[in-house]
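Here are my notes on this model, written up as numbered points. Please have the coordinates open while you read.

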Amino acid sequence: MPSKKALIRRPGPRLVEGLVTHIQREKADAELAGRQWEAYAEALDTHGWETLEVDPADDCPDAVFVEDTVVMYKNVALIARSGAESRRDETGGVEEVVARLGCSVNWIWEPGTLDGGDVLKIGDTIYVGRGGRTNAAGLRQLRAAFEPLGARVVAVPVSKVLHLKSAVTALPDGTVIGHIPLMDTPSLFGRFLHVPEASGSHVVLLGGDKLLMAASAPKTAELFTDLGYTPVLVDISEFEKLEGSVTCLSVRLRELYA
């Protein structure tokens, strides 16, 4: 049976100092962000996900974006090494959790860099954004870790956004969704659907027809409803001010071995 566990990490006291690279900085409200994070975690719980809270990393402003710390494929956890040096201390608590879950743990080593937000998995195809936070050495190490397990790794240029998954994610049927102005090469994806809002590019597959997505993309939510899906909207405005999305705030572990 597929597993439904999700790693989450609550926002720390330095959240508002988080890195911003491709958008204009707006002051985030830390108190509101805390409430929004609680609602996000509750949405996962409500839809059958067991949330596992990773130990805080309070000295790391961006630690709430736990997806960037690890890439999961089957029962293998590849611990990331961020292209942003200030984020490299975020991985410790994550390593402990995935090891306790029985995962085989691997690491990206210097000179490689890789952020989990640059990795989009669709079945056994793994798209990896090659850009600001993920370099060629990191991409090679990911190939070495996952291709022997049956993965097909596809490199995707990323220059207009922070991470690949800042631009694209995928629907349950494998259709890639994205906002074309944020994409370098839409033609790389066989089945592709343009969405009308940038924040509509990000969905978390909750199971069945349910899609967790940002409340800031109402037109995209209408589009998905017309396609037979059920959007589950969460307000993550304070995290969006820090280039975050619904995918960044958790690591979904779907293929743990029993």
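The points below go through salt bridges, a strand crossover, pockets and cavities.

1. Ground rules. This is a predicted model, with local features needing pLDDT of at least 70 and side-chain atom pairs counting only at pLDDT 80 or more, while totals for chains, interfaces and linings use all residues. Numbering runs from 1 along each chain as its sequence is written, and side-chain values use heavy atoms, with hydrogens and water left out.

2. Salt bridges overall. There are 13 of them in the structure, taking a salt bridge as a side-chain nitrogen of Lys or Arg within 4 Å of a carboxyl oxygen of Asp or Glu. Arg10, Glu38 and Glu53 are joined in a network of such bridges.

3. The helix pair. Glu31 and Arg35 form a salt bridge at 3.4 Å, N to O. The two are four residues apart in helix α1 (residues 30–46), so about one helical turn separates them. Helices (H or I, at least four residues) and strands (E, at least two) are DSSP runs, numbered from the N terminus. Glu31 has 60% relative accessibility and is therefore classed as exposed; the cut-offs are under 20% relative accessible area for buried, over 50% for exposed and partly exposed in between (1.4 Å probe, protein chains only).

4. Two long-range pairs. Arg252 and Glu67 make a salt bridge with their closest N and O atoms 3.3 Å apart. Arg252 sits in strand β15 (residues 251–253) and Glu67 in the loop between β2 (50–53) and β3 (70–73), so this pair ties together parts 185 residues apart in sequence. Both Arg252 and Glu67 are buried. Then look at Asp68 and Arg87, whose side chains meet at 2.7 Å, N to O. Asp68 is in the loop between β2 and β3, and Arg87 is in the one between β4 (76–79) and α2 (92–100), 19 residues apart. Asp68 and Arg87 are buried too.

5. Strands β13 (residues 210–214) and β14 (residues 230–234) run parallel and are joined by five bridges; pairing takes at least two bridges found by DSSP. Met213 stands opposite Leu233 in β14. From β13 the chain passes through helix α4 (residues 218–226) to β14 in a right-handed β-α-β crossover, right-handed being a clockwise path from the first strand over the helix to the second, with the strands pointing away from the viewer.

6. The largest pocket. Its volume is about 640 Å³. On a 1 Å grid over the protein atoms alone, a pocket is an open set of points with protein on both sides within 12 Å along at least five of seven lines, a cavity is a set where a 1.4 Å probe fits but cannot get out, and lining residues have an atom within 4 Å of a point. Grid points are joined across faces, edges and corners, and a volume is the space filled by probe spheres set on the points. This pocket has 28 lining residues, and Arg252 is one of those nearest its centre. Strand β15 is among the strands that each supply at least two lining residues.

7. The largest cavity. Of four cavities of 30 Å³ or more, the largest has a volume of about 80 Å³. Its lining includes Asp68 and Arg87, the pair that meets in a salt bridge.
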